[in-house]
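Hi everyone, thanks for coming.

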Amino acid sequence: MMDRVFIIGTGLIGASTGLALRAAGFAGRIDGWDMSQLEMAAAVQMGAIDGRAADRENALELARLANVVVLAVPVLAIKDWMRQLAPVLRKGQLVTDVGSTKVEIVELAQKLYSGDETASFLPGHPMAGKESGGALLAEAGLFDGAMWLFTPVSSEIASIEKEWRGWVGCFGSRTLDMDAARHDELCAWVSHLPQMLSTALSAMLEEKFGDAPEIAAIGGRALKETTRLGASPYSMWRDVAMTNTEPVANTLLALEQRLQHVRENLRTPELRDEFALANRFRRRR
């Protein structure tokens, strides 16, 4: 029975996971670790974690005591912690993550967590978040109504994995299992491309207009909505770009070609057809 959780990374997603566990009725102990002392202090103060690791060595000790270890850090850091944890954890424990890309994580998990006496590993990705991070923005209801994706390493489901999936359901999340490569392809289109588009547009506007007051005056809601993701931190999206490079590059190329098509048809009925397709997509959502 799950009675102890250790969260590595107490920013927005990690702290929200702790708060969601408490709100769902989890009565066990939740410890945490973060490179930032301020993030850990905030997570303790808001009740997302009960205690914090003093350093990385202490973090490994707390991980040994936990039933479930949640890796809530960027993808490259997730892979680093997977390597550190594998030799010290045991059968019956579960390691899960919240990374935005899954192929490289699944490949590493198959190497490190596939033995008879190793901990189980369940790759996960909650489709929830905000354009800004940090424990102070965490909330218990962040995952309510959101899709929590899993890309299982094995067809065998350990009892601790079933229990963790149950808690995720108690967060109010819907869950869906899928192949890791399919996950990365779909997320490149519906999550990573919108981020890169918003980033490029925001950077272009900053370069073109800077702090010109007219932009704020006439930009309105459309500008705010299309550039909202431009506030996202590079530290997280760097890892997405590095671990899902080809799918993201493919979506960007497709967008470049689509924009060229629009540019070349500003004065033809093709533009009307483009609006019709866009309207159809929105009506279905």
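Let's begin with how to read this picture.

This is a predicted model, where local features need pLDDT of at least 70, side-chain atom pairs count only at pLDDT 80 or more, and totals for chains, interfaces and linings use all residues. Residues are numbered from 1 along each chain as its sequence is written, and side-chain values use heavy atoms, with hydrogens and water left out.

How much of the protein is buried? Of its 285 residues, 40% count as buried, meaning under 20% relative accessible area with a 1.4 Å probe, protein chains only. As for contacts (heavy atoms within 4.5 Å), among those with a separation of 6 or more, 74% join residues 24 or more positions apart.

Now please find helix H5, residues 103-112. Which of its residues are buried? They are Ile105, Val106, Leu108 and Ala109. Seen down the axis of H5, these buried residues fall within an arc of 165°, so they line one face of the helix; the arc is that of the directions from the helix axis to the C-beta atoms. And what covers them? The cover includes helix H4 (75-85), strand E5 (94-97), strand E6 (120-122) and helix H7 (180-209).

How values were computed: Buried < 20%, exposed > 50% of the residue type's maximum accessible area, 1.4 Å probe, protein only. Helix = DSSP H or I, 4+ residues; strand = E, 2+ residues; numbered from the N terminus.
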